[in-house]
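The entries below follow the order in which I looked things up.

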Amino acid sequence: MSTRTVRRAPRGIPPRLPGGELPLEPPPEPARPVPAGPLQRVMPAVMVLGSLGFVAVMGVRNPTSWLFGGMFALSAVGMMASGIGGPRRAETDESRRDYLRYLAQVRRRIRQVAAAQRVALEWTQPDPAALLGVLDSERLWERRETDPDFGQVRVGRGRQRLATRLVAPQTGPLSELEPVSAWALRRLIRAHSTVPDLPVAVALCALRRVCVRAVQPVTVPDAGPSVSDDAGLAVARGLARAMVAQYVTWHSPAEARLAVVASPAAAAAARWDWVKWLPHARHAALRDDAGALRMVTADPAEVADWLAADPPSATATGVPPRLLVVVDGVDVRRAGARWLDRPEVTVLRLADPDGAPTVVASDRATGPATGERGELTLLTRPDALGVSTDADPLAAPRWIGRPDALSVAECAALARRMARYRAPSGAEPDTARPLRNTVGLPELLGLDDPAAVAVARARWRDAPGDTLRVPIGVGETGEPVLLDLKESAQGGSGPHGLCIGATGSGKSELLRTLLLGLAATHSSERLNMVLVDFKGGATFLGMAGLPHVSAVITNLAGELSLVDRMADALAGEITRRQEALRAAGNLAGVAEYERRRAAGAPLDPLPALLIVVDEFSEMLAQRPELVDLMVTIGRLGRSLQIHLLLASQRLDEGRLRGLESHLSYRIALRTFSPAESRAVLGVPDAHQLPPMPGSGFLALGTDELVRFRAAYVSAPRAAGQAPASTGSARAARPVPFTSVRVGARPGDPDDAPTELLA
């Protein structure tokens, strides 16, 4: 099983969580009656008296007098009625309609806020069942120790406050408000101040301990069968597994580690056997016959041994990694575990003696004990999730929603797929800025052991597109930057290139990274190298023993004769390849030759040839006649698979004399002047690179420049990293890969661990 090192990119921009406040306008007050003036009070009486006078003047027996008098009287009554309530009632109705229309607009805005809040929380805290989809994405191990959500894991779904707080208006007494509008406002606040069915998370690393306890629901007589104890514990264990699965998915093993203390009973061991696949549970120094020791035990005292054997390490903030200890069915206090009293480890109290799992977050930061961090008890029922922070966890629990859960099979599938990933282990702590990280070549190739090149070579052999393609560093997003020496017709960037870098820019280290990466991923039947160093031979020191290297030529006095022989040998190699293509049927190039050979034609291997010349300006100054040979290689090398890479501290364009048009890719590390950067890249950016070795730009023949930081291959083996087993003390043999220790105890004299790739 091949491994893959995860270079964590800077976190992408998640959906924005709404915030702020939404002040609500107060409901309108009912229209107040306006006192009538003297004329308005007298006018009705005058009109009534006028109607009586009209009847008296016209005659009582005259029907016309009664008709007009009645009309006067009705007009007076109408005026009195309209003056008392008509205008006020119309004003109140209009104010009520306006306010209800305003509340409808507010309700639409609240629903938009709630939808945005749901999207943001579902992105940040997705369902644990969706964690498998995170493994092959850029979100794997995205939460850094400097992030505000470091240590947060989701525990279920429940009702939460609206992200934008509703601010109730300041109003007078209720009796002075319009009743319909006030009731509508109250109903809106009660209905929309919280959002149902949102993800609920807890911060493990901000708490002294988090206990998961199964609680049986209250049974009512004649209400049907109750839930069994086993079913209640199954829900609690499912929640504990979901929390652990999220912990290892969102956090890197370099900053968050995992240990399990489980009951020696077979059932408890089976519940947590899947942890053995997780890189978080692999001890950094201790080993057994199956490889790195898995931190799963039934003895609580063994945790102290693991902590004591840890090699000195620190995260990006300078503190040791966090440790999550999962305890299932073990009373660690009664067992006398010494690590409970250590100042850097949080004291653990078993939440449920009956075996309900307990999850304890331990902050291994140096300094005083973390007594300021709190405790939290999660109470689970088959259909409900509750929290309790009191001394008695069962006292007045607050039920907040329903719990999440993962089965053992789901966790095992997640752990098995995560087993191939490794955290970066460069010479510097991994920061949130990838271009400032020091990256090792084994990490880019996905190798735990630099000597285990067969794994990387098999992967490159199985992928034809990876032929002559090799990672040389990491880019701005943390992903590997690949240099492909194939011609553009085959999807590459080659075949010939130029590398310019000032003294101290890391040019020699970049060339070593390129050559060792190609040697690690390609056999000598697929690739040969000719290395020319006119800087005394320091660049390619120690590479002469590689089976890929045909010759290492330097400018030392005793080897100057090899330069002339090199020119004759390369000219002869060009002729030999041309004759081989003609003998195979007048083929157009080596690519077609290799296709026929792969189809079964009886042809000899014709590996690609890479010629690397360090300080080519110095070589052409001493041997100017070699420029004609370089131009010939530049012209014919594409079809003959002869690749040329010229490297120098300075670019003397006058010495290239026609070779520049054949250089398809260009690498510019930090240059001496903006003019040199402009000559290589067309822009002066390479002169402005920071003074960090390996910082550079890669131009692939397009207008786009790729910023990268080259890998570092000359570092010694990291402290605490065990060397590969030679097999002299004990013959390699297949061993079972289990969560418990396999073979002798780590550190025993007869212990000679052997790796098992399961």
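**Overall counts**

I began with secondary structure and found 17 helices and 26 strands in the protein. I note here that the model is predicted.

Next I looked up burial. Of the 758 residues in the protein, 47% are buried.

I then took the surface. The protein exposes about 35,400 Å², and I noted that carbon and sulfur atoms supply 56% of that area.

For contacts I considered pairs of residues at least 6 apart in sequence. Of these contacts, 73% join residues at least 24 apart.

**Strand β15**

I picked β15, residues 398–403, and asked which strands are joined to β15 by three bridges. One is β3, residues 152–161, which pairs with β15 in the antiparallel sense. The other entry I made is for β14, residues 384–388, which also runs antiparallel to β15.

**Helix α13**

I moved to α13, which spans residues 590–598. Which of its residues are buried? I listed V590, A591 and Y593. Viewed down the axis of α13, these buried residues fall within an arc of 160°, so they line one face of the helix.

I then checked what they pack against. The buried residues of α13 pack against α12, residues 561–583, and against α15, residues 626–640.

I also looked past the end of the helix. G600 follows α13 and has a positive phi, near 115°.

**T738**

My last entry is on T738, which I found in the segment after β26, residues 705–710.

Is T738 buried, partly exposed or exposed? Its relative accessibility is 24%. The cut-off for buried is under 20% and for exposed is over 50%, so T738 counts as partly exposed.

I looked for its contacts, leaving out residues up to four places away in sequence. With those set aside, T738 touches K276 and R294.

I also took one distance. T738 and V275 are 463 residues apart in sequence, and in space they are 9.6 Å apart, C-alpha to C-alpha.

Definitions and conventions. Residues numbered from 1 in each chain as written. Predicted model: local features only at pLDDT ≥ 70, side-chain atom pairs only at ≥ 80, totals over all residues. Heavy atoms only, no water. Pairing = 2+ DSSP bridges. Helix = DSSP H or I, 4+ residues; strand = E, 2+ residues; numbered from the N terminus. Buried < 20%, exposed > 50% of the residue type's maximum accessible area, 1.4 Å probe, protein only. Contact = heavy atoms within 4.5 Å. Areas by Shrake-Rupley, 256 points an atom, 1.4 Å probe, with all protein chains shown as cover. Arc of directions from axis to C-beta.
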